[in-house]
Amino acid sequence: MTSARPVPTRLPLPAAWRVEVFLRPDEFDPEGARLEHGARELGVAALRSARRGRGYLLSPAYSRIEVESIAREFLADPVVDTWRLYAPSESPPAPGPGTRRVLAAVLPGVMDPEARSVERLLVRVERTPSDGEPRVGTFRVFELEGELGDDDVATVGRKLVANETIEALVTDGEGLPYGVPAGESRRGAVTVPLREASPEQLVELSRDGQLSLDRTEMLAVQAHYRALEREPTLAELETIAQTWSEHCKHKTLTGIVEFEGERIDNLLKSTIKAATDRLAKPWCWSVFVDNAGIVEFEGDVGVCFKVETHNHPSAIDPYGGAGTGIGGVVRDILGAGLGARPVANTDAFFVGPLDLPDDELPKGAMHPRRILRGVVAGVRDYGNRMGIPTVNGGVWFHEGYVGNPLVYAGTVGVMRREHVAKEVRPGDLIVAVGGRTGRDGIHGATFSSIELSEHSETLSSHAVQIGDPVTEKQVLDCMLEARDRGLYRAVTDCGAGGFSSAVGEMGEKTGAEVHLESVPLKYPGLASHEIWISEAQERMVLAVPRERVEELLALFASEDVEAVVIGTFTDSKRLELYDRGELVGSLDMEFLHDGTPRPVRKAVWERPDLPDPGCPPSADPGADLLAILGRPNVQSREWIVRQYDHEVQGRSVVKPLVGVRGDGPSDGAIVRPVDTSTRGLAITCGANPEYGDLDPYAMATWAIDEALRNAVAVGADPTHAAILDNFSWGNCNLPDRLGSLVLAAKACHDAALAYGTPFVSGKDSLNNEYRVGDRTLAIPPTLLISSIAPVPDVRNAVTMDLKAAGNAIYLVGTTDGRLGGSQYHGLRGVRGGTVPGADLERAPALMAALHRALARGLARSCHDLSEGGLAVALAESCFAGGVGAEIAVAPVEVTTGDGFAAALFAESPTRWIVEVEERNRSAFESALEGMPLALLGRTTDEPRLRVKDGSGALRVDVELDALRAAHHGRFEG
Amino acid sequence: MTQTAMTSSTTSSTRAPRALVLRSAGTNCDFEAARAFELAGARAERVHTNRLAERPELLRDCHVLFLPGGFSHGDSIAAGRIMGAELRHRLGDLLHEFVHDGGFVVGVCNGFQVLVDLGLLEGPGRAAHERRVALAGNRSGRFECRWVHLRNEASAATWLPSGAVWPVPVAHAEGRLAFAPGAIEEFEANRQIALRYVDADGRDLPEGDAGYPSCPNGAARNVAGLCDPSGRVLGLMPHPERNLDPWNHPNWTRLGERTTGEGLAFFEGLVAAARV
C-alpha cells in the first residue's frame with residue numbers, strides 16, 4: 001500500500017456513460033508498443049507492457065441498452081476489439097495488482113473533432129437519447145503493467161501520454177473532464193480607460209492584456225483616442241493589437257533600420273521586393289500582395305505557393321501546432337486570389353539534437369525527440385487527411401533550437417488566371433464558412449510575436465489550436481465549387497487575429513459592419529471581443545454579392561458545412577462591430593492599417609572572432625564518410641517521409657525517396673499539376689543552420705543556390721523558378737540579431753537579381769528566443785528558401801540514383817577549400833573559417849547550361865552536392881541505385897590542412913554529380929563547354945564506392961551496404 | 001420487366017458504362033478515381049453521399065459504385081466506421097439489391113474500409129456486430145506510404161486476370177486484414193481472396209513481420225483485397241488510381257519506355273466487366 005501517491009489531477013467522476021475499447025489481448029497493440037519504447041527511452045525500465053484503449057463518454061440520458069448497442073455497433077470492432085462499459089459516476093474497478101491506468105482527455109473548450117464526429121453520426125443514424133443530445137467526449141487510456149513507482153507513472157503520463165497544456169491527465173481512472181466549459185455571457189461593449197494613463201501604465205496594460213504593443217505604439221493609440229475624445233473599447237484595442245502585431249504587420253522587416261551608417265527605410269521593400277520589381281518577370285501574376293505568390297505555369301493555368309511559420313504554437317503543443325500550421329497554409333492557398341486547388345504540401349523542421357541529455361533541457365521546454373515526433377505526426381495527420389501529398393521538406397538539428405523549434409509548412413496550389421483578381425464591393429455580404437468559433441487560439445498573433453519562456457506553456461495555453469482537417473477539407477470542396485460557379489467576389493482566410501484580421505483586411509478600402517451575434521459558437525460564454533479575435537481553425541471569410549448569397553449558403557448546407565452571413569461590407573471606411581444590437585467597436589480603417597508608428601532600429605554585425613581551423617586532416621576518409629552519413633543533418637528521413645502520403649492525387653513524377661529500394665534522398669519533388677499536360681513542377685528547398693552565425697550573407701546565397709540547384713538536378717528550368725523567403729531569427733530589437741537579418745536580406749536581393757529568380761512571397765518570425773531566468777537562448781539565424789520551377793517535359797526528369805555500371809561520372813561546378821560550418825568541421829569538432837557562399841557571377845550560367853543538357857536527356861542521374869559534399873552525394877547515389885563507383889579526386893587548395901579531405905567534404909555550392917552514358921559523353925561535354933566540368937570516374941558493377949586521391953592511392957573503399965546502413969540512422973519515430 | 005426497360009438497359013450496356021464515385025466529408029481520392037474510369041472508357045460522376053441518400057434512384061442508372069480513398073469523417077472511431085454506419089442507415093438494403101441486380105461495388109483504401117464495415121463483402125442478413133472481417137491498425141503502428149506488388153488471385157472476381165503481378169502504391173494506417181476464427185478459410189473456399197501482397201517477382205511473402213515492408217501492414221496471409229462470392233463487390237487497400245501514368249512508378253527513370261501505369265488495367269478490367 002503506497003501512502004503518498006501523488007495523483008497529478010483528481011477530477012470528479014464524469015456524470016456520463018463511459019465506454020472503453022481495447023484491442024483483444026491476443027491482438028498486437030502498436031500504440032502500446034510505442035509507449036513501451038518511449039518509456040525505455042525515458043529510462044522507465046520497470047514498464048513491462050502497455051495496452052492502449054479508446055474511451056468515449058456519452059450522455060447520461062441514454063439507457064444502458066442504448067449505450068450497449070452503440071458500443072457494439074459503432075465504437076468497437078467485432079473482430080479485433082473488446083470493450084467495457086461503466087455507468088455514469090461509477091468508479092471503474094481498481095486495476096489489478098501491478099496494473100496502473102493513465103488517462104488523458106482534452107480540457108473543456110479544447111477541440112475534440114472525434115467527439116463531434118461521433119455526435120454527428122449518432123444524430124444521423126437516429127440514436128440520440130431522450131433529450132436529443134448525444135453529448136460525446138473522448139479520452140485515451142493506457143494500462144501499464146510492471147512494478148512502476150508513482151514517479152514512473154507520472155513520467156510516462158506527462159511525457160508520453162498527455163500534453164497537460166491542453167489535456168487533463170489522471171491516473172488510475174478516477175475522473176475525467178466532461179462537457180463544455182461553463183460560462184455566463186459576457187457580451188457587450190467594455191471600455192478601457194486609456195487617455196489618462198501614464199506611459200508606464202500603458203506598457204503594463206499591454207503586457208497584462210497580452211497585447212504585445214510596445215510603449216511607442218501604446219502612446220500612438222492613446223493619442224488617437226485623446227483626439228477622438230473618448231476611451232477605446234476592448235474590442236477596438238484588441239483589433240489594433242492584432243492588426244499591428246509583428247505577426248501581421250512585419251514591423252521589423254518593413255521598419256526603419258540603421259546599419260553601418262546606412263538608413264534603410266523598409267528592409268523588405270528595399271531588398272527582396274526591390275529585386276522582384278526590378279526583375280519584372282511577365283510570368284509573375286501576383287506577388288507579395290495576396291495570401292500567396294501566384295505565377296504562370298502553362299497557358300492560363302497558374303500555380304501559387306506559400307510557406308508559413310508556426311514556431312511558437314509548435315513549441316507548446318507540437319502535434320496541434322504543426323497540424324494547424326499545415327491547416328493555416330492550406331487556407332492561405334484557398335485564400336489566394338479566389339482560391340486555388342492545393343496539389344502539394346511541404347514541411348521543414350528545425351529542432352534540437354535528439355540525443356540531448358535530459359539534464360541539459362531548459363526548464364519548461366519539451367525534449368527535441370518529443371517535439372519532432374509530435375510535429376511529424378501533426379503534419380501527417382492534417383496533410384494526409386486533406387488529401388494533399390506532402391512531397392518535399394527537410395529536418396535540421398542544432399542545439400540552438402532546443403527552446404525554440406521552428407516549424408514551416410507550405411502548400412502549392414493550382415488556379416486559372418481568371419481567379420487571380422478579387423475585389424470587395426460595398427454592399428457585399430460578409431459570409432463566414434467552416435468551423436465554429438471558440439476561445440481557442442486567442443492571442444495567437446500577439447503570442448507569436450513575443451519570446452517564449454519557461455512559463456509559456458501555462459500562460460499561453462489558450463493560444464494553442466487543435467485542428468480539424470475534415471472540416472477544412474469540406475470547406476475546400478465547397479469553396480472551389482462556389483468559386484467555379486462565381487458565387488463570391490473575394491475571399492481570405494481566418495488566420496492570426498481571426499475575424500479581426502480577415503474582415504479588417506478585406507474591408508480596408510471600403511468599410512465593414514459586423515454583427516457578432518451571428519457567429520456560430522462552439523460553446524457559450526465568449527465575450528464579444530473574444531469572438532472577434534478568436535483564432536479558431538478552419539474558417540474562411542467570403543465577400544458575396546447579395547444576389548448570389550442564397551445559392552452559396554445552399555451549396556455549403558448541401559455538404560453539411562456551416563456558412564453564415566455575419567455582416568456587410570460598407571463604404572464607410574470604418575470597421576463597425578455590433579453585438580446583439582449594441583455597438584462594441586468602431587474603428588477608422590486608415591488608423592487601423594496605417595497608424596502604426598515606425599520606430600528606428602539599430603543594427604550591427606560583427607564576424608565572430610574564431611580562428612580558421614582550415615581542413616583538419618582525415619586519417620581514414622572512408623570512416624569519416626560513414627560518420628558524416630550518420631550525422632543528424634545528413635542521415636535518412638525515411639521514417640518521416642513514409643508517414644506522409646506523398647502519392648495522393650496521383651500526380652507524383654519524382655518522389656521524395658527514389659532508387660531501387662526507395663531509400664535515396666531526392667533533391668526535390670516533381671508533380672504534374674495538370675492531368676492533360678506533360679509539364680511538371682519541381683518543388684525544392686534550401687537551408688543551413690550551421691552557416692548563419694558565421695556569415696549570414698553567405699548562408700543566404702548558399703540556401704538560395706541550394707533550392708535552385710536542387711531544382712536543376714531533377715530537371716527543372718532555373719530561369720523560370722520562383723522562390724519564397726522564410727526568416728526565423730532571434731529578438732530583432734537586439735542590434736546584433738537585426739544586423740544579421742539585414743545581411744541576409746541584402747543577400748536575398750543580390751542573389752535574386754543574379755539568378756534572375758524573383759521572390760514571390762514570404763514570411764518572417766522574428767522573436768525566437770527562449771528565456772529561462774535571466775538567460776535567453778536565441779536560435780541561429782535561419783533562412784528557409786523554397787522554390788517552385790517548371791519542368792518543361794516530365795519525360796526528361798532526372799533522379800539521383802545511379803542507373804547502371806559503365807557510365808561516366810562527372811563533377812559539375814568548382815570545389816574550393818572553404819569549410820566554415822561544414823559537416824566535416826562538425827565531425828572534427830572545430831568551428832570557424834569561411835562559409836561557402838555562392839558565386840553569384842558564375843552560378844546562374846552554370847545552372848542554365850546544366851539544365852539545357854538535362855532537358856536533352858543527356859544524363860542518367862544527377863545529384864546536388866550539399867551537406868557532406870562530394871563524398872556524401874556520391875555515396876547516396878550509389879546505394880540508392882545499387883550501383884558502385886570508382887573515382888579519382890585531386891586535392892583542392894586549403895588555408896591549412898588536408899586538401900584531399902576538403903575535396904571530398906567541402907560544401908561549395910552550385911555543384912552536382914552527373915552520370916552520363918558513354919554514347920552521350922561528347923554531347924554532354926560540349927553542352928557544358930566553358931563550364932567547370934571534371935570527369936571523376938565510372939560507375940561499376942561491384943557494389944563498392946572507391947575513391948583515389950591525386951597520387952592514385954586508394955583512400956576510400958566502402959561497401960554500399962555499409963553506406964546505406966550508416967545513412968539509415970537509428971532513431972525510431 | 002417491361003419491353004421498354006429491357007430496351008433501355010440493352011442500349012445502355014452498349015454505351016460507356018457509368019461509374020458513380022461516391023464522396024463524403026473527408027473523401028479525397030475522388031478526382032483521380034473519376035479520371036481512372038474515364039481513361040478506362042467509362043463515364044464517371046462524383047456524387048456526394050447526401051445526394052445519393054436524397055435520390056437513391058441514382059444507383060439505378062449506374063453500373064459501378066466506387067468508394068474512393070480518403071479519411072471519411074476523419075477516421076473517427078476507426079477508419080471507414082462512420083461512413084459505413086451512415087450508408088447502412090441511409091441506403092440499407094438498396095446496396096445489397098444493387099449488387100444482386102448485377103451492379104459492381106468497388107472500394108479502395110478508405111473505400112475498402114467502408115465496404116468492410118458495410119458488410120457488403122459478407123453478403124446480406126448480417127448485423128454490424130456479426131462482421132467476421134476487419135481492417136485493423138498496421139503492425140508497424142504507423143501510416144505507411146510506399147509501393148508494393150500485388151498478385152491477382154484466382155477468385156470470384158474473374159475480371160481481374162488471375163496470376164498477374166503489378167506495382168501499386170499503398171498509403172494507410174489501418175490496412176491489416178484480420179479475420180474472426182475460421183473466417184479466412186471460408187473466404188478462401190468461396191474464392192473471395194482477390195489480391196495478395198507478393199514480392200517483385202510475384203512470389204509469396206512470409207507472414208507477419210518477416211513480410212514487411214513488401215506487405216506493408218501485416219495482413220493475415222498477406223491478403224490485400226477481398227471480393228464477395230459474386231465477384232462484383234471488391235475492396236483493396238492499395239491505390240490503382242495512383243498508377244495510371246507512365247511516370248507514377250517510383251523507378252520509371254530506370255525502366256524503358258512506358259505508355260501507361262499498371263493501375264489502369266484494374267479499371268479497364270472493371271469497366272469491361274461492367275459493360276457486359
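Let me begin at one residue: directly after helix H27 of chain A, Gly882(A) adopts a positive phi of about 65°. Helices (H or I, at least four residues) and strands (E, at least two) are DSSP runs here, numbered from the N terminus. The model is a predicted one, in which local features need pLDDT of at least 70, side-chain atom pairs count only at pLDDT 80 or more, and totals for chains, interfaces and linings use all residues. Residues are numbered from 1 along each chain as its sequence is written, while chains are lettered from A and ligands numbered from 1 in the order in which they are written.

I stay with H27(A), residues 869-881. Its 13 residues should span 18 Å at 1.5 Å a residue, and the end C-alpha atoms are 19 Å apart, which agrees; the expected span is 1.5 Å times one less than the number of residues. Is this helix covered or exposed? H27(A) is mostly covered, with 13 of its 13 residues buried. A residue is buried if 20 or more other C-beta atoms lie within 10 Å of its own, exposed if 12 or fewer, and partly exposed in between, with C-beta atoms placed from the backbone.

Next, the sheet beside this helix. Seven strands of chain A form an open, mixed sheet in the order E35-E37-E34-E38-E36-E39-E40, where two strands pair if DSSP finds at least two bridges between them. Strand E35 (861-864) and strand E40 (954-959) of chain A are the edges, each pairing on one side only. From one strand to the next, the twist averages 20°. E39(A), residues 944-948, pairs with E40(A) in the antiparallel sense over five bridges, and Leu945(A) has Val958(A) of E40(A) as its bridge partner.

Which helices pack on the sheet? One is H27(A), which touches E34, E35, E36, E37 and E39 of chain A, its direction making about 140° with that of E35(A). Another is H30(A), residues 960-968, which touches E36, E39 and E40 of chain A at about 75° to the direction of E40(A). Contact means that the C-beta atoms of two residues, placed from the backbone, lie within 7 Å. The angles run from 0 to 180 degrees between N-to-C directions, with axes fitted to C-alpha atoms, for helices over the stretch in contact.

Elsewhere in chain A, strand E12 (residues 341-351) has 10 of its 11 residues buried, so it is largely enclosed by the rest of the structure. Nine bridges join E12(A) to the antiparallel strand E14(A), residues 406-416, and seven join E12(A) to the parallel strand E13(A), residues 390-397. Phe349(A) has Val407(A) as its bridge partner in E14(A) and Val395(A) in E13(A).

I turn now to chain B. It contains eight helices and 11 strands. Its radius of gyration is 18 Å, close to the 19 Å of the globule rule for 276 residues, so chain B is as compact as a globular protein of that length; the radius is taken over C-alpha atoms, and the rule is 2.2 Å times the number of residues to the power 0.38. Along its principal axes, the C-alpha trace spans about 55 × 50 × 35 Å. Of the 276 residues of chain B, 57% count as buried.

Finally, the interface: 53 residues of chain B are in contact with 52 residues of chain A. H4(B) gives the most to this side of chain B, with five residues.
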